[in-house]
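Subject: Structure handover

Hi,

Here is the structure I promised to pass on to you. Have a look at it first, and then read on for what turned up.

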Amino acid sequence: MALSGRDSPHTIDRMSDAAAPRFGSMTLDGFIQLLGSAMPSPGGGAASAVAASCGAALVAMVASLSVDRPKYAAYAASHARHGEAGRVLAARLLALADQDADAYAAFAAALKLPRETDAEKVARTAAIRASARVAADVPLRTVEACREVVIAAEALAGRSNLNAASDLAVASRLAEAAAHGAAENVMVNLPSLGDEVLADELRGRVEVLLAEIEELAEATRAHVERGELRDAEAGEAGLADGPGAGNGPGAGNGPGAGNGPGAGNGPGAETAS
C-alpha cells in the first residue's frame, strides 16, 4: 500500500507492504502526515509510544542540563542513572511503536483469512487469538515503559536543574497520557484472546500500572510546583541539604546560589537550554 504523491526517499511519507518504514527513521512531519492519512497504521498505539518516547527524551534532557553544575553536584549519580534511563527508554518506546504497527498488521491479516471450511475456521480462530495476544502484549509493554519514564521523572524532580523542572512535569504528562492511550489498545484486544482468565489477568495488570503511573506523575508535578531541592536519593554520596549543596550555606537557595543573585533563577543565571 503506497501513499500516492509521496515519493521522496529522504522522508517517511511512503509505506508499502514490502518494507514499512521504521517510525524512528521518519521525519516528524512525515510521521504526522502518515498518522493522519487513511492508512490504518500507525494508529493510537504507535502514537502513544512515540509520545512516551518524547517524555523519556525530556527526562534525559533535564539530566543532561544538570551535569557539571556545582549547585546540583550532590545529585550527580541520579543525573547519570536517570539520564541514561531516559535515553534507553526513548529508543525502546520508538521500537514499541514499530512493534505496535506490526502487531496490528498481523491481527488484520488474521481477520482476512478464509473461513469457508471447518478447517479454515479453526485455523483462522487460532491465528486471531495468537495475533490478539501479541497486539495486547505490545501496548502493555508500552504502559510498563511509561511507568519507568515517570519513575525517572519523579526521581529527578527536585534533584536536577530547577530551570528545566517544568520539562519533567511535561514528561510526566506525556507518559501518563501515553500510558492511558496504550492501555486502550490492550483492552480492545482482550475480547479476541479467547481466554477470559488471561484477559482478566491483563486487565488487572493494566489497572495497577495506571494507578502507579498516575501517583508517580502527580508526585513529579508536586515536586516541580514546589520549586525546591530535596534530599538526594538513598545511597547517593551527599544530601541536598548538606553543606555546599542543596539548601545549605553557600549552595542551594543560599546567598550566591540557588535563587540568589547571579545563580539559580537570579539575573545572569542558568537557563533551561
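Where is D68 found? D68 sits in the loop between α2 and α3. Please keep in mind that this is a predicted model. The phi angle of D68 is near 60°, which is a positive value in a residue other than glycine. With a relative accessibility of 74%, above the 50% cut-off, D68 counts as exposed.

The peptide bond that runs from S41 to P42 is cis, and its omega is near 5°.

Now to the helix packing. Helix α4 (residues 118-156) packs with helix α5 (residues 165-189) at an angle of about 165°, and their axes are 8 Å apart. Because angles over 145 degrees count that way, α4 is roughly antiparallel to α5. The crossing in which α4 passes α5 is left-handed. On the α4 side, the residues making the contact include A132, P139, V143, C146 and L156; on the α5 side, L168, A175, A182 and N189 are among them. Sorted by class, the contact of α4 with α5 has 19 nonpolar residues, four polar ones and no charged ones.

In soluble globular proteins, nonpolar side chains tend to be buried together. Here the largest nonpolar core has 61 residues, and F23, V59, V143 and L168 are those with the most contacts inside it. Two or more residues of this core come from each of α1 (28-35), α2 (44-64), α3 (76-111), α4, α5 and α6. The largest share is that of α4, with 14 residues.

L168 deserves a click in your viewer. Setting aside neighbours within four places in sequence, L168 is in contact with V59, V62, A153, L156, A157, S160, T220 and V224. There is also a second, separate core of five residues, including Y72, Y75, L162 and A232.

Finally, a look at H223, in helix α6 (residues 196-226). Is H223 buried or exposed? Its relative accessibility is 15%, and since the cut-off is under 20%, H223 counts as buried. Not counting residues up to four places away in sequence, H223 touches E154, A157, E228 and R230. A157 is also on the contact list of L168.

Best wishes

How values were computed:
Residues numbered from 1 in each chain as written. Predicted model: local features only at pLDDT ≥ 70, side-chain atom pairs only at ≥ 80, totals over all residues. Heavy atoms only, no water. Helix = DSSP H or I, 4+ residues; strand = E, 2+ residues; numbered from the N terminus. Buried < 20%, exposed > 50% of the residue type's maximum accessible area, 1.4 Å probe, protein only. Contact = heavy atoms within 4.5 Å. Axes fitted to C-alpha atoms, helices over the stretch in contact; angles between N-to-C directions. Parallel < 35°, antiparallel > 145°, perpendicular 65-115°, else oblique. Left-handed = near helix turned anticlockwise from the far one by under 90°. Nonpolar A, V, L, I, M, F, W, Y, C, P; charged D, E, K, R; others polar. Core = buried A, V, L, I, M, F, W, Y, C linked by side-chain atoms within 4.5 Å.
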